[in-house]
Amino acid sequence: MNSKNISQRAAFLVLKTASMATVAVLAIIVLYIMSNGLKHINPAFFTQKPVSMGREGGIAPFIKSTIYVTSVALAIAAPVGIGSAVYLAEYSRGLTPVRIIRFCTETLAGIPSIIFGLFGFVFFVIFLKLGWSVLSGGLTLACMILPTIIRTSEEAIKTVPMPYREGSMALGATKWQTIVKVVLPGSIPGITTGVILGTGRAIGETAAVILTAGSSLRAPVSVTDPGRTMSIHLYVLTMEGISNEKAFATAAVLIMFILGINFAANKTVKLMRRQV
Amino acid sequence: MNAAVSIRNLNFYYDTLRALNNISIDIPANRVTALIGPSGCGKSTFLRVLNRMNDLIDNTRVEGEVLFNGKNIYKDFDVMELRKKIGMVFQKPNPFPMSVYNNIAYGPKLHRKADVKELDGIVENSLKAAALWNEVKDRMGNNALGLSGGQQQRLCIARCLAVGPEVLLMDEPTSALDPISTAKIEDLVKDLKEKYTIIIVTHNMQQAGRISDYTAFFLNGEIIEHGVTEEIFHRPLDKRTEDYITGRFG
């Protein structure tokens, strides 16, 4: 065997190890959390209120809060994000303002979430007087996941082949008609992926919501009520040494949520791809 | 000779590069006009001026006049209306990733609200006119991307016909197709000229000879010579035309 062949094999081995390591890390985390958490989960854990700060009882209000806060975030970030992506990809290729917008979204993506939390606290909670609420938390999360949605949607829109656009325009379609009837349907799988990625980030986010959504033990009834998401609950349980068992159980539920969403997203995107 | 499109002193610029140089030509109605010439000589640019597809490219500029039915296409026409009247078939078949039916119905639906029955009629007639009806009538709901290359190209032609054009611009419509599909498209072009004025860009000299009534020879952004195809092919006036046609360059 010559040296070229040896170096190729060595490189292949290194790359393979690196990718295996990624899978291993994920597997270890999930298995560890699940093995510690699942044994403390029973149906009542999903349906009951917490008792004595979470030492006993379930996490029903926190599941509710998580769903509310994430829904508010998505309801705002998805339309704004997809709209910006269409503008960036279709209406303004190569213009200077676009380079500025793109730079801003990229920077926004790199800002630590606690800073979003601080901003949300000062702006939404205090300045806009929204208080600790589902709305404040949702708005803050929306700001945070916006760059993810914009970036992935823009990439998805750009992958729609130019000849489709030309074919449509050549039939006398306006640019807007072309976008609505050809470009967006063609990029929906990619856009969905982006929205799901954003959802995943929003669901598990702690720092950005702890300062904005509050940590009320009661389930929110309206968007102006405070709420404690699962990740905040997990944080409080551990930080204040309330109950490690319940913390692991909450973590396991959170991971199930995220795995569930990713799984559903994969299925949906595959289904949509087949229809296109 | 009745001109469908008259071009007067046309210049076209990409930024500062002059791609078309003082072009004047009348395109006869209900005839097939072939545009020939080496790559990069401006044939496709010229074609794309005629339905203003070049508007989509930034930093381009047009000088001169293009008259369609006596009206200046850059002044007296809404661009959407113009593209409805002057349809375009591209080099690579580009059906939309939707059903055969929806591909054809796409254009008519853009321009007005047609009821289902009317739409069905338009779709059937367009597919028949494009000699595709018999091959697809039982799979109207199937995705158009599942058709063969030649069928896709005829679908694109049918898609153009569905919006009721007067002129068809074809930019090397057979260059991505096999010989049998090419022959079908060529036959179709010969049929279509009864109702439509056709301008076709081709790199294939034999094709130009087979299907066109008139030929224009482009070189470096200029029309060197144009006229009846027979004349251009057998008695070219310009040495450069003769060299190109006999295959000495290009």
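How many helices and strands does chain A have? In this predicted model, chain A has eleven helices and two strands. The legends below treat the chains in turn, followed by close-up views of single residues.

**Figure 1. Overall fold of chain A.** Along the sequence, the elements of chain A follow the pattern α-α-β-β-α-α-α-α-α-α-α-α-α. The C-alpha atoms of this chain occupy a box of roughly 65 × 65 × 35 Å along the principal axes. Of its 276 residues, 43% count as buried. Among the contacts in chain A with a separation of 6 or more, 73% join residues 24 or more positions apart.

**Figure 2. Surface and charge of chain A.** The accessible surface of chain A amounts to about 14,500 Å², and carbon and sulfur atoms contribute 70% of that area. The chain carries 24 positive and 10 negative side chains. The centres of these two sets lie 7 Å apart.

**Figure 3. Overall fold of chain B.** Chain B comprises ten helices and ten strands. Its C-alpha atoms fill a box of roughly 55 × 40 × 35 Å along the principal axes. A compact globule of 250 residues would have a radius of gyration near 18 Å, and the 18 Å of chain B agrees with this expectation. In chain B, 55% of the 250 residues count as buried. Residues 24 or more positions apart make up 67% of the contacts with a separation of 6 or more in this chain.

**Figure 4. Surface and charge of chain B.** Chain B has an accessible surface of about 11,000 Å², with 45% belonging to carbon and sulfur atoms. Its side chains include 31 positive and 31 negative ones, and the centres of the two sets lie 3 Å apart.

Figure 5. The largest nonpolar core contains 45 residues, and Leu127(B), Ile157(B) and Ile198(B) have the most contacts inside it. Helix α6 of chain B (residues 149–161) gives the most to this core, namely five residues. Apart from this core lies another one, of 44 residues, which includes Val98(A), Ile149(A), Leu171(A) and Tyr106(B).

**Figure 6. Surroundings of Leu127(B).** Residues up to four places away in sequence are not counted in this view. Leu127(B) then touches Val100(B), Ile104(B), Leu132(B), Trp133(B), Val136(B), Met140(B), Leu155(B) and Ala158(B).

**Figure 7. Ser126(B) in helix α4 of chain B.** Ser126(B) is located in helix α4, which covers residues 116–129 of chain B. Its relative accessible area is 5%, under the 20% limit, and Ser126(B) is therefore classed as buried. Beyond its neighbours within four places in sequence, Ser126(B) is in contact with Ile104(B), Ala158(B), Leu161(B) and Ala162(B). Ile104(B) and Ala158(B) are also among the residues touched by Leu127(B).

**Figure 8. Met53(A) in the loop between two strands.** Met53(A) lies in the loop between β1 (50–51) and β2 (56–57) of chain A. Phi of this residue is near 65 degrees, a positive value in a residue other than glycine. With a relative accessible area of 40%, Met53(A) is partly exposed.

**Figure 9. Lys129(A) in the loop between two helices.** Lys129(A) is found in the loop between α5 (113–127) and α6 (134–158) of chain A. Its phi is near 55 degrees, a positive value in a residue other than glycine. The relative accessibility of Lys129(A) is 71%, which is over 50%, so the residue counts as exposed.

How values were computed: Residues numbered from 1 in each chain as written. Chains lettered and ligands numbered in written order. Predicted model: local features only at pLDDT ≥ 70, side-chain atom pairs only at ≥ 80, totals over all residues. Heavy atoms only, no water. Helix = DSSP H or I, 4+ residues; strand = E, 2+ residues; numbered from the N terminus. Rg over C-alpha atoms; globule rule 2.2 N^0.38 Å. Buried < 20%, exposed > 50% of the residue type's maximum accessible area, 1.4 Å probe, protein only. Contact = heavy atoms within 4.5 Å. Areas by Shrake-Rupley, 256 points an atom, 1.4 Å probe, with all protein chains shown as cover. Lys, Arg positive; Asp, Glu negative; His and termini not counted. Charge placed at Lys NZ, Arg CZ, Asp CG, Glu CD. Core = buried A, V, L, I, M, F, W, Y, C linked by side-chain atoms within 4.5 Å.
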